[in-house]
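Q: I would like to learn how to read a protein structure. Could you take me through one, step by step?

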Amino acid sequence: MKLSKIKIKNYRLLIDAELEVDPQTTLIVGRNNTAKTSCFECICNVLNGNPFSFNDYPLQKRENLYTKIALFMEKKLTLEQLYEQLEPISIELLVDYTLDDPDENLGALSPFIIDVDLDVTTASILVEFRLKNDEKTLRKLLEKSYYKDSTFTPDADAHNVIAENFQKLFELTVYAVNPKNPEEKQVKKHKELEELFPFHIIPAERLLGEDGTQNSSLSALISDFFSANEDELNPSVAEKVKELRLIVETANRSLQQQSDEILSAIVNNSVGFGYPNSEELQLGVTTQLSIDNQIKNQTQLSYTIGTSGEKLPNKYNGLGYKNLIKMEFLLAAFAKRVEKCGTACIPLLFIEEPESHMHPQMQHAFAEYLEAFLGKISLIKIQTFLTSHSAHIANTINSLTRTIRLNSKVRPKHLFVHMVFLD
C-alpha cells in the first residue's frame, strides 16, 4: 500500500491544493514563498497531532471568520450554522492498496477502511482543524468581547481575542471517509493515524552536530543500539552490538569495583585528619559509573588517514560531507524506528532543501543514490518528499520520478497556490 494523493485546504497559501504522490520520491520545486515549506509543515503538524495556530489560517478567509462569529455571538446564527459556514483547515490523505493481496492483513490501514465494496482499493483519511461543537465554551471565551452590560457591542479588540483563543475554539479531528460516499465518516483516534504513518523530517536549516555537540545524530543512533532489544536489531549489527554491550558491562563492573576500593581507602585514610574515629565508624565509597553513557554522549566521528592510523576530527572535513554523513545517520535511525512499526504501515520521509551546504556534484550524487540507500537500510518502502531549488537535484530526480512545481501569485487581496503535476 502507498500514499497516492494529498489534498490540503485553507492552510496559509494552500487554499485548495492537490499533490500527486510518487510511490518512491516526490520532488516539490518552486520559487521562494510558494508554500513548499508550508506543505511539509501542514502534513507533519497533522501527523504529530499538533494544533494549528491562528497564523496558519489563510488571510483571505479571516474576514468570513470574524463576520460569522459575530453573527453567532449576536444569536443570528446557531452553532450548527456557524459550524457549517466556517471553513476548517483540512488535509485529506488517499491511500492506494490496489496491489495488496485481498487476503493480506492491512494492519494499520484497517481502521480507515469503512466501505464494504471489495472493488474499492482506496482509503480516504480526512483530518480537520475545525470549530469545536461546544456552544458554552465558545460563548464563555468570547462573551466579554461582544457584550457590554448585556448589550451586543462588539469590542474593537474582538478580532485579537479570536486570534488569541484560536486553539481553544478549534480542534483537530481524524476521520475515516467512505471514498464512494464522502458524507459517510467515522471519527478515529490520532494514535491510529500515527501508527499508519511513521514519519521523519530533515529541515533545511539544521545543526550538523557531528562534532561533539548535544545535537549529534551519531549519539542518538548509538543510544538506540544500547536501548533496543536484541531481536529488534538488524542481524548485520546485532552481533557487534551484543559484543559492545558485553565489553561495556564487564568494564563497568571492573571499574566500579576498583574505584570503590581505591576511594574507600582514600576516605578511611582521611580519618587521621579528624574524620570520625575509625574504631566507631568504617567508611566505604560506592560510585555509580556508566561507560555506556560516555560512549553515547562522547563519541565523535573522526577520519583515519591512510595506513598510518593518524586521525583527524570530523569538523576538519567540509560541510558538504558532514551534511551527507549526518543525513545518513538520521535516515538509518528512522529506518530502525520504522522496523518496529511492522510491515503494514506507510513510512514518510520529508527532506527540505537537501542542497544546503552541498557542492553541485554532491547534489547530483545525493539525488541519484537516495532511493538505493533507503532500499538498503529498510525492508519497508519509504515514500520520500523533497523540496528543492537545485537544478542538479531536479534534473536528476525528474528523470527518475515525479516532480511537483508550485507556482504562487500574490496580490493585495488575493492569495492562491496552483500545483501542477509534471511528467
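Q: Among contacts between residues at least 6 apart in sequence, what percentage join residues at least 24 apart?

A: Keep in mind that we are looking at a predicted model. In this protein chain, 73% of those contacts join residues at least 24 apart.

Q: How many helices and strands does the protein chain have?

A: Here the secondary structure consists of 13 helices and 16 strands.

Q: And what share of the residues is buried?

A: A residue counts as buried when its relative accessible area is under 20%. Of the 423 residues in the protein chain, 44% are buried.

Q: What about the accessible surface: how much of it belongs to carbon and sulfur atoms?

A: The protein chain has an accessible surface of about 23300 Å², and carbon and sulfur atoms hold 50% of that.

Q: Now to the rings. How many aromatic pairs does the structure hold?

A: There are 12 aromatic pairs. Let us take F40 and F350 as one example: the ring centres are 5.2 Å apart and the planes meet at 70 degrees.

Q: Which parts of the chain does the F40 and F350 pair tie together?

A: F40 belongs to helix α1 (residues 36–48) and F350 to strand β13 (residues 348–352), so the pair ties together parts that are 310 residues apart in sequence.

Q: Is F40 buried or exposed, and is F350 buried or exposed?

A: F40 is buried, because its relative accessible area is 1%. F350 is buried too, with a value of 0%.

Q: How do the rings of F129 and F170 pair?

A: For this pair, look at the angle again: planes under 30 degrees apart count as stacked. F129 and F170 have 25 degrees between their planes and 6.0 Å from centre to centre, and the pair is stacked. F129 lies in strand β5 (residues 122–131) and F170 in strand β8 (residues 170–178), 41 residues apart, so the pair links distant parts of the chain. F129 is buried, at 2% relative accessible area, and F170 is buried, also at 2%.

Q: Which residues form one aromatic cluster with F129 and F170?

A: The cluster also takes in Y11, F52, F54, Y57 and F166.

Q: Where does the charged end of R139 sit, and where does that of K185 sit?

A: The charged end of R139 is over the ring of F72, 4.2 Å from the ring centre. For K185, the charged end is over the ring of Y175, 4.5 Å from the centre.

Definitions and conventions. Residues are numbered from 1 along each chain as its sequence is written. This is a predicted model: local features need pLDDT of at least 70, side-chain atom pairs count only at pLDDT 80 or more; totals for chains, interfaces and linings use all residues. Side-chain values use heavy atoms; hydrogens and water are left out. Rings of Phe, Tyr and Trp (its six-membered ring) pair if their centres lie within 6.5 Å; planes under 30 degrees apart count as stacked, over 60 as edge-to-face and the rest as tilted. Helices (H or I, at least four residues) and strands (E, at least two) are DSSP runs, numbered from the N terminus. Buried means under 20% relative accessible area, exposed over 50%, partly exposed in between (1.4 Å probe, protein chains only). A charge sits over a ring if NZ of Lys or CZ of Arg is within 6 Å of the ring centre and within 35 degrees of the ring normal. Contact means heavy atoms within 4.5 Å. Accessible areas come from the Shrake-Rupley method with a 1.4 Å probe; for residues, only the protein chains shown count as cover.
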